[in-house]
Amino acid sequence: MHVGRDNTTPGYARAAAGLRTAVAPSMSGSGTRALEAWFLGPKAENAELFEKLIADAIRDQAHWRRNFHPDDPTHITEEIKRSPAYLEAVGSLKDNHQSLLAFLKKSVPFFSMRYQGHMNWELTLPAMLGYFSAMLYNPNNVAFEGSTATTILELLVGDDICRMLGYELSNPAVPRPWGHITCDGTVANIEAVWAARNVKLYPLGVQAALRASLSEAASIEVPTYQGSRRLVELDSWDVLNLRADDVLALPARLQQAMPEADVGKAISEFSVQTLGLAEFHRRFLPDLPSPVVFVPGTKHYSFPKAAALLGIGATNLLDVPVDLEARLDIDELRKMLVKCLKVRQAVYTVVCVIGSTEESAVDPVDKVLELREEMRSQGLDFVVHADSAWGGYHASVDRDDFDMPTRLGFVPPPPAMTLGTYVTRQFRELGKVDSITVDPHKSGYIPYPAGALCYRNSAMRDLVSFSAPVVFHGDAEPTVGIYGVEGSKPGAAVAAVYLSHKVIRPSKSGYGKIIGQALFSCRKLYARLLCMAKESDPFVVVPLNTLPKIKGMSKHDLQRLLGEVDSKTGQEIEADRQLLDFMSEIGPDQNILAYAFNLKNADGTVNTSLDLCNRFNKSLYERLSIDPGHDIYGYDLIVSTTDLDADQYGERFIDDYKRRIGVGGSEDRRITVLRSVVMNPWLTDTPQGSFIDVLEHEFRKALTEEVGKIRGSFTRGV
């Protein structure tokens, strides 16, 4: 484990020197603004362009190979190409490739407007081109010597993602942030919890070292909630509640006090990385309960994985109930933190989800940060991590264009839809949290695998650094591979993010434009679902998100505006400021839409059994999801599903949703819902009009048949 590096290390210096060369890339530039040029298109309208660019990449690879020591011998001669064995191999390659291409057509048609399932849609052209081009070089970003080009790109991309999320890169008054690419959000979240655990426990190891081999620096003081005190004199509880930035500053302070000592080695003897969690607790925390991690009920499954892998244990991963909008309930969190303070139970981290994967709910970052200040004043401190795997790129909707000078006479259009007032406020506070997960391969429209983790304070990465001597030559070379969970990882993924960000900047006129239009489509679909069921229909539909309470508006006003959102075109809505403002406040926080159908009885009353309601939604999902081996061309609409459980979400949330669906009297505590992820910016703007009309038609067709089946089963006594 390496501790104490900062942004002035030789690795950064060498990288910076490399970036000053004439051929070095950078993230600065004007970017582009033509959304139609950024994707292959639902009918592959840009296929000819993409084919040419891919061919350019292959030709450029061939040119590179032929000009690297051109006098070296060739091997694959024309004579070999005429041999029977060669011709047989080529024939086998062609035949099997054709078979593979045929089989791949059983894949999910993410590109289609009829696909409203998981978090996937089109990939950007620059991302695919960047991945393919770099793949030909097969760089491995585990170490600089295996990725002499794409390591530099990863440093650039890390900074660009940090900037998008709200971290400050050029303010000398705050720690320098740092980000890197991971394979996905799961690995990024595991690394974030790992780093939070190590930040919490690290000063106990420092304290032990000060009492042993580093005794010359025993007078070093640290800030506490009761004032500055000597670290060696603090009890374990106070050491566990030092601020993260003060903890991360310790190595450099100790090295300055003892320049001849190997501070890192002295501390590592007592670190949790060396001793293991069980022995560390036995030595340093015998009288205190195990620290905990707080996550909202909407947490991703990566957090239970992190708790298991890091030895924290599921018992110490505590779910915070959510409010009626599926956001972390700040009052419930306060109660849980007060209890921790009372029993002297340390908190590794509190996790805020910025766009939950089932509901796209955005947790109240601002309130969590305020609550941390409140708890700090009483002696309880913790790291705050934001899981923005899904929602991170939505920050671009609110980010002013950076490094994108306006061309003469050009007025950038506003995005079709802005974030709501509440969500905007959370993104403006996001830069204050300690670490952020974001997945370019989700709302960044970039190929798998491409997750990312960003630290507000770059020194935090040093607490999770390991190096393999066979591939790492020390601080003289820039590196990202020694940090985090992964070893080998494709430099091609980094190149994909780099080229996509270079062409489509992560700000209002770039990614904000894509996501803004997708948000518009999502809210139009939300309005359609609310307006869809008529009195004569044998079903009702209840989106998870309720209509907001807007000051000065009656329920009648809200219903009227909702009807206008549903019926009016995009142009008509954009011309109506009141309607546009109203639209920005309705629906989910981002663009994942959860909803449940319930069927009506033959007499027109709504079914009151949650079990029957769940079976109805499961039957709809089975009809509107892909079965292995089936002909993909037979699917007219594809959605996904999930279950909402009271054990995770809390009784208040589940009881309220049950009531709204019409099954409030049922004792069951799990609700099955359908889910549509709306990533397509063109869903409501086709030459034939809004495609939402087609989606409603397909829903109605499925609903009518499934209601008929269920009523038929009652008639038959099934």
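Q: How many bridges join strand 8 to strand 9?
A: This is a predicted model, in which local features need pLDDT of at least 70 and side-chain atom pairs count only at pLDDT 80 or more, while totals for chains, interfaces and linings use all residues. Residues are numbered from 1 along each chain as its sequence is written, and side-chain values use heavy atoms, leaving out hydrogens and water. Strand 8 (residues 383-388) and strand 9 (residues 435-438) run parallel, strands being DSSP runs of E of at least two residues and helices runs of H or I of at least four, numbered from the N terminus. Two strands pair if DSSP finds at least two bridges, and the number joining strands 8 and 9 is 4.

Q: Which strands stand at the edges of the sheet?
A: The open sheet has 7 strands in the order 2-10-9-8-7-5-6, with mixed pairing. Because each edge strand has a single partner, one side of each is left without a neighbour in the sheet; these are strand 2 (178-182) and strand 6 (317-320).

Q: Which residues of helix 2 are exposed?
A: Helix 2 (residues 47-67) has buried residues (under 20% relative accessible area, with exposed over 50% and partly exposed in between, for a 1.4 Å probe and protein chains only), namely Phe 50, Ile 54, Ala 55, Ala 57 and Gln 61. On the other side of helix 2, the exposed residues are Glu 48, Lys 52, Arg 59, His 63 and Arg 66.

Q: How many residues of helix 19 are buried?
A: Helix 19 (residues 511-532) has 22 residues. It is largely enclosed by the rest of the structure, because the buried residues number 20 of the 22.

Methods:
Expected span 1.5 Å × (residues − 1).
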